[in-house]
Amino acid sequence: MTYEEVLKAVFPLLEGVDLASCMAVSKQWRHIARDDFFWKCACAKRWPSICKRPNPPTLTYYKLYQTFYKRQPGRILLPPRLSFDDLEFFIDIWTEDRFIFSEVVPGPILQNGIKIPPPGVCDMLRLHMESSEYKMKVPVEPRFTVPLSQTVNVSVLVGRKDSNKVACILNKSMFDYIDRTAYRAMANDYLDFSPVYPFTTGIRAWISLLFMDSGNEGVVDVFGIEMDFMDAANSKEEVLWLLDMLDWK
């Protein structure tokens, strides 16, 4: 099998973005990859019904893919109407028989997060805390321990100081996923949005207990709490817009 025959056998299997990358390798690869048959194969992976026609609806399948695969430019958000200075978060965490954390956390404290992880944090959790993803964190002081055998639940309300209204972020959610390798226990709940936004659904709030080994088997030492809305918000501005859309009472 010749070099060109090998390429012609492989190119129909590629996604469009990979086929486009092949066109940048050399003039020979570009000439071969421009064959519209390969682009018909790429289009068939994304829009199979349109490839049932004898001819493409545009001049070529390459043009069709090029036109509709273009990435949309990033959204430019208007400045949010809220700020973390306007907010305070009411976080309650309890086990089967007692409250283990019950605090009012000012918005700026949650926004500022945990700048330096405490000594003893595992490398995987340290990397997670230093990632670029937008997650809000608050240190737990004093720290508390939790037996892994116990059920732990959490509720989080957020209050607006500018209007004296409150919205629910998590309601009696259980920390039902414990990742011992990443040293995090996680809970989530779906957000309730104002009726003004009837098509905004399916977005969850996530909250995690950040912990390390306590020295007692089956018991973890919690040093921080982390909250995020990674289903829909990955910046300070997006988080504030999302909170502004909640069903405030």
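Select D85. D85 sits in the loop between α5 and β1 (87-94). Helices (H or I, at least four residues) and strands (E, at least two) are DSSP runs, numbered from the N terminus. Is D85 buried or exposed? D85 counts as exposed because its relative accessibility is 52%. The cut-offs are these: buried is under 20% relative accessible area, exposed is over 50%, and partly exposed is in between (1.4 Å probe, protein chains only).

A word on what is on screen. This is a predicted model: local features need pLDDT of at least 70, side-chain atom pairs count only at pLDDT 80 or more, and totals for chains, interfaces and linings use all residues. Residues are numbered from 1 along each chain as its sequence is written, and side-chain values use heavy atoms, with hydrogens and water left out.

**Stop: the start of the chain**

Select M1. M1 is in the segment before α1 (3-10). M1 counts as exposed because its relative accessibility is 77%. Together with M1 they form a nonpolar patch on the surface, with about 300 Å² of accessible area. Patches take residues with over 30% relative accessible area and no salt bridge; like charges are joined within 9 Å, and nonpolar side chains (Val, Leu, Ile, Met, Phe, Trp, Tyr) within 5 Å. A salt bridge is a side-chain nitrogen of Lys or Arg within 4 Å of a carboxyl oxygen of Asp or Glu. The areas come from the Shrake-Rupley method with a 1.4 Å probe; for residues, only the protein chains shown count as cover.

Next, select residues 4-43. UniProt lists them as "domain: F-box" in an unreviewed entry. Such annotations may be inferred rather than shown by experiment. Over residues 4-43 the chain is 72% helix and 0% strand. The end C-alpha atoms of that stretch are 22 Å apart.

**Stop: the rings**

How many aromatic pairs does a search of the whole structure find? The search finds nine. Rings of Phe, Tyr and Trp (its six-membered ring) pair if their centres lie within 6.5 Å; planes under 30 degrees apart are stacked, over 60 edge-to-face, and the rest tilted.

Select F11 and F38. Their pair is edge-to-face, at 5.6 Å centre to centre and 85 degrees between the planes. F11 lies in the loop between α1 and α2 (16-22) and F38 in helix α4 (residues 36-46), so the pair ties together parts 27 residues apart in sequence. F11 and F38 are both buried.

Move to W39 and Y65. This pair is tilted: 5.5 Å centre to centre, 55 degrees between the planes. W39 is in helix α4 and Y65 in helix α5 (residues 61-68), so the pair ties together parts 26 residues apart in sequence. W39 and Y65 are buried.

Now show F11, W29, F37 and F38. Ring pairs link them into a cluster.

**Stop: backbone details**

Select E141 and P142. A cis peptide bond joins them, with omega about 0 degrees. P142 lies in strand β3 (residues 136-147).

Go to N164, in the loop between β4 (153-160) and β5 (165-174). N164 is not a glycine, yet its phi is positive, near 55 degrees. N164 is exposed, at 70% relative accessible area.

Finish on K172, in strand β5. K172 has a positive phi of about 55 degrees although it is not a glycine. K172 is exposed, at 61% relative accessible area.
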